[in-house]
Every structure is written in C-alpha cells, then in structure tokens.
Amino acid sequence: MFAKWIDENSEQIIEKTQGVLRINSVGGEQTAPDQPFGPGCAEALDYVLQLGRELGFAVKNVDGYAGHIEFGEGDDYIAVLGHLDVVPVGSGWTYPPFGAEIHDGKIYARGAIDDKGPTMAALFAMKAIKESGVALGKKVRLIMGLDEESNWRCMDHYFQKEPYPIGGFTPDADFPLIHAEKGIYCFNLNKKRANLESAPVVVRELTGGNRVNMVPDGCRVVLSVKGDAQAVATTIQEVAAREGVRHELQVAAGEITLFVEGVSVHSMAPHTGINAIVQAGKLLRELDTADRETWSFLSEVDTEGARIGVQMVCHATGPLTSNLGLAKVDADSVTFTFNLRFPVDKTDADMLKLVEDKVGPEGFETSDPGIANMKPHYVPIESEIVQTLLKVYEEETGEKATPLTTGGGTYARAIPNAVAFGAQFPGQPDVAHQRDEHWEVGHLLSCTKIFAKAIYELAK
Ligand SMILES: [Zn+2]
C-alpha cells in the first residue's frame with residue numbers, strides 16, 4: 001500500500017536525507033535564545049520542519065529545543081521520536097563527514113544511522129501514508145530532539161510544553177526491537193583514612209578511570225615507603241606476575257609510582273574489559289599498609305555486584321552489571337564510584353539499601369556523585385505495541401523477530417509505552433559514533449517501508 005509511493009519517490013527520499021546530513025549539527029553551546037544547542041542543531045531542525053511543511057504537514061518548533069511534524073486527527077497521538085544532533089566527527093574519515101556522499105550504495109555521514117537517516121525515513125513513511133489516502137484513528141507525531149547525545153534537555157523542555165503520546169517508538173537503536181532497558185544508577189563509596197603513617201607503606205594517592213560508564217583502563221598509584229623501596233617494588237612485581245596485572249613502576253628514594261593498565265569497554269558489559277582499579281587493588285592488598293582492608297575490598301570488586309551486595313538476575317534483562325568506574329584516594333579519604341545496570345523491577349533506592357547493608361559494616365558510607373541516573377524502562381512483550389511492531393517487522397522482512405533488551409539507554413526512555421525499533425538491521429556493523437558512519441541506501445528505503453506500515457498499524 002505504501003511501498004509503491006516510496007519506490008516511486010526514492011530519489012527525493014535519498015536527496016532530502018543527504019540534505020540534512022550535510023548540516024553540521026554537532027551539539028554545542030547556546031548561541032541565541034532560540035538556539036539552545038548552537039546554530040547547527042537549529043539549522044537541522046529548520047531544514048526538516050520546512051520539509052515537513054512542504055510535504056503538507058503541520059509543524060512546530062518548540063523553542064529550539066525540539067520540534068514536531070504531525071498529521072491525522074484526534075486527541076491521542078502516537079510518537080516517533082528521533083534526534084537531529086550528532087556527536088563530534090573525530091578523525092580519520094575516508095569521505096567528508098558532512099558530505100553525505102554515496103559510495104558502494106552507502107551514504108557516508110555523521111548522523112547517517114544515528115539518527116538523522118532514520119528520522120528522515122520516519123518522515124517519508126508519514127508522507128507515504130498521507131499519499132495513500134488511508135484514514136488514521138489517531139494523530140501521528142514525528143518528534144525531533146536536539147540534545148539526545150548530551151543531556152536530553154530537549155525532551156525535558158518539550159514535554160513541559162507538549163502532552164505525552166500514548167505510545168510510540170524511537171528509530172535510534174536496533175531492529176527488530178528493544179523492549180526492556182536496565183536501570184542505571186551511580187553512587188560513591190567513601191571511607192575515611194587514619195593512622196596511615198603507622199605502617200611501612202602508605203598509599204599516598206590513587207587515581208583511576210575517566211568516566212563512570214567505562215571500565216577504567218588506567219590507574220595511577222603513588223606509594224611512600226619507609227625503608228627499602230626496591231624490596232617493595234620487587235614484591236609488587238612478583239604479585240603482578242602471579243595475578244597477571246599489567247603495570248609499570250618507577251622507584252625513587254622512599255617512593256614508588258605505579259601505573260596499572262586495564263582494558264576499557266562500555267560499562268554495560270564490564271566483564272568483557274579489565275578494570276585497572278581492581279587490578280591495582282590486587283597489588284596493594286599484598287603490601288604492609290594501615291588500610292589493607294580497603295585494598296582487599298578493592299581487589300574483590302566484581303562485575304556482577306556480588307561484593308557490594310547487589311548480585312541479582314532480572315527476568316527481562318538478565319544479570320545486573322556493576323562497574324567500578326572511578327577511584328580517587330587522597331590523604332583523608334577513599335572514593336570509589338560505581339555504575340550499576342539493574343533489573344527493570346527494581347529502583348535506585350533498592351540498590352542503595354542493598355549496598356549500604358552489605359558494605360556499611362565495613363566502614364563505607366555512600367554518597368551521590370551527581371551523575372544522571374535512569375529509571376529502568378520496560379514494555380512487556382505481550383503489550384500491543386510490541387506485538388504490533390514485531391508483526392510488522394516479520395511481515396516486511398520475512399525474518400523472525402525476537403525482542404531484545406539492553407543495559408544501555410535508548411531514546412525510548414523519554415516516552416512512556418515506547419520501544420526502540422530500528423534502525424540498525426541485525427548483522428550490520430555498528431558504525432554509530434564511529435568514523436566513516438554510513439547507512440545503506442537500500443536500508444534507508446526498506447526502513448521507510450517498515451516505518452510506514454508500523455505507524456499505520458499503531459495509528460489506524
Ligand atoms: Zn542516537
């Protein structure tokens with residue numbers, strides 16, 4: 001019903017998609033009252049809203065934070081939520097990142113798959129429905145945010161001004177569909193330090209990790225040694241060899257500086273990396289320090305949350321994961337910052353209580369590191385929206401659709417009763433945020449067909 005229009009207008013779809021990809025919409029600082037994320041994001045939104053107007057839709061720019069393109073009748077609406085901001089391009093591109101050149105059937109550009117390309121697919125899906133003349137029972141809105149890659153201020157602002165939809169999808173992740181997203185919770189464990197000088201070795205400083213949502217790949221430790229520093233260095237090297245801890249060390253009079261190496265990966269799969277802070281703990285627990293218990297604790301921190309009392313399995317999303325992402329130790333105190341990805345039926349408060357019950361008796365206190373947390377997001381597989389989208393995907397692709405879950409966060413969290421639906425097809429390389437980001441032209445068009453069917457089925 002809609003495929004014919006999409007096939008006949010494929011040139012226009014490709015050209016207009018290239019048009020928005022040629023706008024450098026890396027999110028930036030406010031440049032004018034109506035440009036809270038800089039001129040590039042504003043230009044991208046103007047471009048798509050203008051196009052929406054030309055395609056015959058009602059459009060609205062909500063104070064430069066976000067905008068929407070709408071059609072149909074009724075009070076309730078179904079939302080498709082995309083975003084037009086992109087992450088910085090980095091270096092090493094084969095083709096210009098804002099050139100939107102097509103090579104071997106692929107459009108190369110920052111934002112091709114994340115998320116301008118899929119957003120344009122949704123817009124032309126709406127146009128295909130409009131052109132078919134079918135009647136819809138509900139309104140449809142394509143909402144476009146401009147701050148997805150940073151702080152989602154776009155959605156906070158948008159939903160202060162606009163009503164929530166009754167449900168919908170975001171084409172900002174993977175096909176077939178992601179129906180469950182773990183909660184994300186960060187906290188500090190703090191411990192006071194005292195009487196350090198009573199022991200022969202003192203951990204003067206320890207610093208590890210760059211971001212709490214990455215497994216740390218480096219940890220720097222400075223030790224003071226009373227007596228033979230070389231002997232302590234030898235002990236460290238022996239332990240490191242036994243435990244398989246990659247490191248470098250420098251010995252000076254009475255002082256050892258230690259660099260411990262790990263392997264950095266995203267904190268939603270921390271078991272696939274090597275935590276440099278935990279590795280450092282394995283070395284430090286063997287030394288004659290006054291706060292040996294702290295280093296023993298550190299060495300035992302695991303990626304399932306067992307050591308801090310939160311190990312559990314979610315019926316929808318699988319095992320909880322725990323990442324010790326940051327560590328800061330100075331003369332007075334120890335601070336370890338954790339990033340948990342927890343089950344859909346649990347809360348921040350549940351996590352905090354379990355942690356405090358477990359490590360409170362060991363002298364740890366908790367504090368808030370001031371990092372944005374996220375509630376779990378869960379739409380049951382039996383729900384109408386999930387069932388409808390799975391059926392559409394199977395009909396359009398001929399592939400069996402098994403719903404997915406994630407420990408990451410997708411844009412679907414911004415809307416109740418929404419799931420991530422596309423636009424990355426299974427088996428495709430994940431090029432979002434990478435150099436040479438691209439999307440196959442064929443996928444742009446097949447995605448437009450899938451979205452047309454999906455929007456129709458949800459809004460009919
Ligand atoms: Zn995205």
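How far apart do the C-alpha centres of domain 1 and domain 2 lie? In this predicted model they are 40 Å apart. The assignment, which is automatic or taken from a database, gives domain 1 as 3-182 + 376-459 and domain 2 as 183-367. Residues are numbered from 1 along each chain as its sequence is written. Because the model is predicted, local features need pLDDT of at least 70 and side-chain atom pairs count only at pLDDT 80 or more, while totals for chains, interfaces and linings use all residues; side-chain values use heavy atoms, with hydrogens and water left out.

Turning to the interface, the contact (heavy atoms within 4.5 Å) takes 12 residues from domain 1 and 14 residues from domain 2. The size of an interface is often given as the accessible area lost when the parts come together. Here the buried area (accessible area, 1.4 Å probe, that two parts lose on being put together, summed over both) is about 890 Å², and carbon and sulfur atoms give 67% of this. On the side of domain 1, Lys-182, Pro-376 and Tyr-378 supply 62% of the area buried against domain 2, more than any other three residues.

At least two residues of the domain 1 side that touches domain 2 come from each of β9 (178-181), β20 (377-378) and β21 (404-406), where strands are DSSP runs (E, at least two residues) and helices are DSSP runs (H or I, at least four), numbered from the N terminus.

Elsewhere, the salt-bridge count comes to 28. In one of these, Arg-285 pairs with Glu-243, with the closest N and O atoms 3.0 Å apart.

Most residues other than glycine have a negative phi, and most peptide bonds are trans. The peptide bond from Asp-114 to Asp-115 is cis, with omega near 5°, and Asp-115 lies in the loop between β5 (106-108) and α4 (116-132). A cis peptide bond also runs from Phe-175 to Pro-176, with omega near 0°; Pro-176 is found in the loop between β8 (173-174) and β9. Trp-152, although not a glycine, has a positive phi of about 60°, and its place is the loop between β6 (139-145) and α5 (153-161).

Key:
A salt bridge is a side-chain nitrogen of Lys or Arg within 4 Å of a carboxyl oxygen of Asp or Glu.
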